[in-house]
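Please read this briefing alongside the sequence and the coordinates. It is arranged by topic, and confidence is treated before the individual residues.

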Amino acid sequence: MFRDAWLIVGKDLRIEMRSRVGLNQIVPFAVTVLVLFAFALDTDQEALRTYAPGLFWVTVLLAALLAIGRSFAVDLADGAADRLLLSGIDPIAVFGGKAVAIAVQLVVLEVLLGAGVVLLFDVTVHRYGLLVCAGLAAAAGVATAGTLYGALVAGLGVRETLLPVLLLPVVAPVLIGATRAFQDAFGVAGAEGWAWLGLLAGFAAIYGVFGALSYGALLEEA
Amino acid sequence: MTTAATESTGIGDGIPATTSSKATKVLGWLTLAGFAVLVALAFAWVPEDTRITEQGDVVGQFDAVRLMFVHVPSAILAYTGFGLTFLASLAYLRWRTDWWDMMAHASAEIGVLFGGLTLVTGSIWGRPTWQTWWEWGDVRLVTTLVMVLVFIGYLAVRRIPADVAVKARRSAVIALVGAVNIVIVNRSVDWWENRTLHQQSTLIARKIRDETLFTLSFSFAVGMVLFAWLLLHRFRTAYLQSQIEELEVNEALAERRAEAGISESPGGRP
């Protein structure tokens, strides 16, 4: 099963590596959103520094919507999803593979955006360990919930508009937790960063289990 | 459905022409009468909420307390609706019958209706009482808002033109995930701000006046009757809709068959 999941990870990431849609479109989109936030908040460097954690995670969530939508659009094209189903790979492995592939893309996006936030919003990192752990846990949470919801709306015809409506309220706890953890890591507000990491990990675990269990039922008619 | 009038349907044989029945008529009149009594109780009988503090200041909710008789039952009906959607979705995934699917749909719509009403009345009540329309730190406020948003998304899925079984299955999963998510949102908002403006169990602490308590209990009862009335009508509407869709498919099939029959005869194919 792990070998199968690994195959799916490789497939999805190879497609991304070759098409470069993520790098050429999603990353520039995310950076543009950061710039828009700066315009919206005026040239007030202090406000940008204070709200940088929240702005960072809102940007990640918006970009994640694009990455998740794309991951499933690729599968639907040319009947690839049907062939995946016929290949006999365990649905749990498909879910795990797709979630890991999305998480990897999100981590890359977070690194690039993190650099953008440090440069543009003038923040300084106080706790690197917390920053890395929170980034990874939040990526896992968004990826597991996103893979589940991506599959739920796949093939419904209006998935571009449906995915944000369904997914964004669900990942609200990730936004809260990751923002608090980053506030602690950036030293802009006193928050129990490590405690919030627990929430992020718990979120990822719950959606990981739920997604793995229900993925078979969703794939059978997709 | 069996109690509903079946004559002169215009839709098809054995399909009721209306969503109304003896039961819903009784429930409807009970709701109207109950609401009239509730209005009288809330405005004429219940005194305004005031308390005199040890310093001699007059505090309380004053006339705004009367909004409670809409706000609190709305919140309970919203949670009842979403709870019922959760149970019906579980039952659908277990037994895969249209009955549970329609039940989930009907109760979710009622839940969103009363969830919205809860937020609006709470906001109007909060302005004079808490001096704010909205309080982000309040766990129940934010949880209810996210819950309503999740189920608005659920209703959006239900409106998509897609295969009935596909839609039913995906909606059921969304309802289950959404309900689980309510718990996570509630916990995370609690940790986020860890404070609430909401009263902690005033009912148990007996800090509430007898008139207010009675009227509040009465409003729950009226709310439950209203819920049953709405649910029956909404469920029957969903049933009629599914019947019409089935009829349309059958009609279209018959038309195609007729067309094929005409085009086949000159060709002489068997």
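Chain A contains nine helices and zero strands, and the contact between the chains draws 22 residues from chain A and 21 residues from chain B. The largest nonpolar core has 128 residues.

**Confidence**

- Chain B has a mean pLDDT of 80, with 83% of its residues at 70 or more.
- Residues 1–9 of chain B stay under 50 in pLDDT, although the model gives this stretch 20 contacts beyond four places in sequence; residues 264–270 of chain B are also below 50, and there the model has one contact beyond near neighbours in sequence.
- Where pLDDT is low, the predicted coordinates should not be read in detail.

**Overall form of chain A**

- Along the sequence, chain A reads α-α-α-α-α-α-α-α-α, and its radius of gyration of 18 Å is close to the 17 Å that the globule rule gives for 222 residues, so chain A is as compact as a globular protein of that length.
- Taken along the principal axes, the box filled by the C-alpha atoms of chain A is roughly 55 × 35 × 30 Å.
- Of the 222 residues in chain A, 47% count as buried.
- Among the contacts in chain A with a separation of 6 or more, 84% are between residues 24 or more positions apart.

**Nonpolar core**

- Within the largest nonpolar core, the residues with the most contacts are A:Leu106, A:Val142 and A:Leu200.

- The contact takes 22 residues from chain A and 21 residues from chain B; on the chain A side, α6 (128–153), α7 (159–170), α8 (172–186) and α9 (193–219) each supply at least two residues.
- The element that gives the most to the side of chain A that touches chain B is α9(A), with seven residues.
- By residue class, the side of chain A that touches chain B divides into 18 nonpolar, three polar and one charged.

**Two helices checked for length and burial**

- The 15 residues of α8(A) should span 21 Å at 1.5 Å a residue, which agrees with the 21 Å between its end C-alpha atoms.
- Most of α8(A) is covered, with 14 of its 15 residues buried, and just after α8(A) comes A:Gly187, which takes a positive phi of about 70°.
- In chain B, helix α4 (residues 139–158) has 20 residues and reaches 29 Å from its first C-alpha to its last, close to the 28 Å expected at 1.5 Å a residue.
- Because 15 of its 20 residues are buried, α4(B) is largely enclosed by the rest of the structure.

- Most residues other than glycine have a negative phi.
- A:Asp122, in the loop between α5 (91–121) and α6 of chain A, has a positive phi near 60°, and it counts as exposed, with 12 C-beta neighbours inside 10 Å.
- B:Arg96, in the loop between α2 (68–95) and α3 (98–130) of chain B, has a positive phi near 55°, and it counts as partly exposed, with 13 C-beta neighbours inside 10 Å.

**Two further residues in helices**

- B:Ile244 belongs to helix α6 (residues 210–267) of chain B, and its 13 C-beta neighbours inside 10 Å make it partly exposed.
- The C-alpha atoms of B:Ile244 and B:Arg170, which are 74 residues apart along the chain, are separated by 22 Å.

Definitions and conventions:
Residues numbered from 1 in each chain as written. Chains lettered and ligands numbered in written order. Predicted model: local features only at pLDDT ≥ 70, side-chain atom pairs only at ≥ 80, totals over all residues. Core = buried A, V, L, I, M, F, W, Y, C linked by C-beta atoms within 7 Å. Contact = placed C-beta atoms within 7 Å. Helix = DSSP H or I, 4+ residues; strand = E, 2+ residues; numbered from the N terminus. Nonpolar A, V, L, I, M, F, W, Y, C, P; charged D, E, K, R; others polar. Rg over C-alpha atoms; globule rule 2.2 N^0.38 Å. Expected span 1.5 Å × (residues − 1). pLDDT = per-residue confidence, 0-100.
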